[in-house]
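Student: I have this one open on my screen. Can we go through it together?
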Amino acid sequence: MDSLALIDLHIHTSASDGTFSPQEIVSMAKGKGLKAVSITDHDTVDGNEEAIKAGIEIGLEVVPGVEISVEWEGRPVHILGYYIDVKNLILQSTLKNLIAFREERNPQIIKLLNSLGLNISYEEVKAIAGDGTAIGRPHFAQALVEKGYVKNGDAAFKKYLKRGGPAYVEKKRLTPHEGIQIIKNASGIPVLAHPYNVDGIKNKDLELFILQFKEMGIEGIEVYYPLHNSQQTLKLKNFAEKYGLYITGGTDFHGEQKPDIKLGSGFGALKIPYELIIKMKEKQEAKPR
Ligand code: AMP
Ligand code: ZN
Ligand code: FE
Ligand code: FE
C-alpha cells in the first residue's frame with residue numbers, strides 16, 4: 001500500500017441532495033485511489049446499503065454514515081454519525097420523522113416562491129430529487145435554474161433560499177442531545193461537522209462551542225474540510241487532541257450540486273489520511289453489538 005492512503009468521510013449522494021448514486025460514488029472513489037469513504041446523506045441512511053455492497057465488490061472500505069441537522073441556540077448545527085448500525089429501529093424512525101418535517105416544510109417553500117411570482121410546483125422539485133429520500137433546498141435551487149429564474153444554484157440560494165432569504169422556511173430539527181443520542185444508540189460515533197460553518201461562530205467562540213457539544217456527548221470533530229484554512233485546521237486539531245476527540249475529515253462532496261468541490265480533495269489540495277479511521281474502528285470493534 002502507498003504510504004499515504006487517503007479517505008473522504010463526508011459525501012452526499014442522490015439519496016439526499018448529491019447528484020451521484022452511492023454506487024457511482026464508490027467507483028469514483030476507487031478510481032481516485034481513495035481507501036475509504038463514508039456516505040453522509042442529510043437525514044437518511046438509504047444510500048448506505050448500496051454503497052457498502054459496491055464497496056465490497058470493488059474493494060473500497062465504506063463507513064456507514066449520516067448527517068443530521070440539530071437546533072442549537074436558534075441555529076442549525078450539523079452532526080455526523082459514523083459506524084452507525086443503519087438498521088437500528090430508533091434511528092430509522094427518527095430519520096423518518098426528519099423526512100416528515102421536510103415534507104411539511106417543502107410545500108411552504110413552494111408557496112413563498114409562488115408568492116414571489118415564480119411559477120414552480122412541488123412536483124417539479126420532486127422530479128429533480130428522483131427517488132431520493134431527503135428532498136431539500138438544493139433541489140429547489142436546481143428547479144429555479146432549470147426554469148431560468150436564476151443562473152445557477154448559488155444565485156438561487158443568495159436570492160431566495162438562504163437562511164433568512166425570502167423563500168426560506170425553517171424546518172423542525174432535533175435538539176443536539178436528541179441528535180447525538182440517536183447516533184450513540186445506534187452504536188455510532190457522533191462528530192461535530194464543519195464547526196466554522198455554524199452561524200456566528202468565530203475563533204473566539206470556538207473552544208466553548210466545542211466544549212458544550214462535548215458535554216452533550218460529541219466524540220469527534222470534523223477537522224479536515226475544504227473551507228477550513230490551515231490555521232483553522234490546526235486550531236480544530238489542537239482542540240480535538242486537548243479534549244480527547246476523534247479527528248475526522250471529508251469534502252462534503254455533492255457532485256454537480258457543488259461543482260467546485262471534488263471527491264476526496266475538496267478544492268483540490270485536501271488530503272485526509274486513512275489513519276484517522278483506525279482509532280474509531282478499534283473502538284467500534286470493541287463495542288458489544
Ligand atoms: P436543507 O437541508 O433542505 O435545508 O438544505 C441544506 C443544503 O443546502 C446544505 O447541505 C447545502 O448542500 C445546501 N446549501 C445551504 N446553504 C447554501 C448556500 N448558501 N449555497 C449553496 N448551497 C447551500
Ligand atoms: Zn447537502
Ligand atoms: Fe453539513
Ligand atoms: Fe454535508
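**Working through the model**

Tutor: Tyr83 is buried, its relative accessible area being 10% (buried means under 20%, exposed over 50%, partly exposed in between, with a 1.4 Å probe and protein chains only). This is a predicted model, where local features need pLDDT of at least 70, side-chain atom pairs count only at pLDDT 80 or more, and totals for chains, interfaces and linings use all residues. Residues are numbered from 1 along each chain as its sequence is written, chains are lettered from A and ligands numbered from 1 in the order in which they are written, and side-chain values use heavy atoms, with hydrogens and water left out.

Student: Where is Tyr83 found, and what is its phi?

Tutor: Tyr83 is in the loop between β4 (75-82) and α3 (89-115); helices (H or I, at least four residues) and strands (E, at least two) are DSSP runs, numbered from the N terminus. Its phi is positive, about 55°, although Tyr83 is not a glycine.

Student: And Asp43, is that buried or exposed?

Tutor: Asp43 is buried, with a relative accessible area of 4%. It lies in the loop between β2 (36-39) and α2 (48-58), and has a positive phi of about 60° without being a glycine.

Student: Switching to metals. Which residues coordinate the iron ion (ligand 4)?

Tutor: His10 (NE2), His12 (NE2), Glu67 (OE) and Asp252 (OD), at 2.0 to 2.2 Å. Donors here are N, O and S atoms within 2.8 Å of the metal (3.2 Å for Na, K and Ca); water is not among the atoms, so sites may look incomplete.

Student: How are the donors of the iron ion (ligand 4) spaced along the chain?

Tutor: The spacing is H-x1-H-x54-E-x184-D. The pair His12, in the loop between β1 (7-11) and α1 (22-31), and Glu67, in strand β3 (residues 61-72), links distant parts of the chain, 55 residues apart. His12 and Glu67 are both buried.

Student: What separates the iron ion (ligand 4) from the zinc ion (ligand 2)?

Tutor: A distance of 4.8 Å.

Student: New topic: which residues of helix α7 are buried?

Tutor: In α7 (residues 176-185), they are Pro176, Gly179, Ile180, Ile182 and Ile183. Down the axis of α7, these buried residues fall within an arc of 160°, so they line one face of the helix; the arc is that of the directions from the helix axis to the C-beta atoms.

Student: What covers them?

Tutor: The cover includes β3, β4, α3, β5 (189-192) and α8 (203-215), where contact means heavy atoms within 4.5 Å. Just after α7, Ser187 has a positive phi of about 60°.
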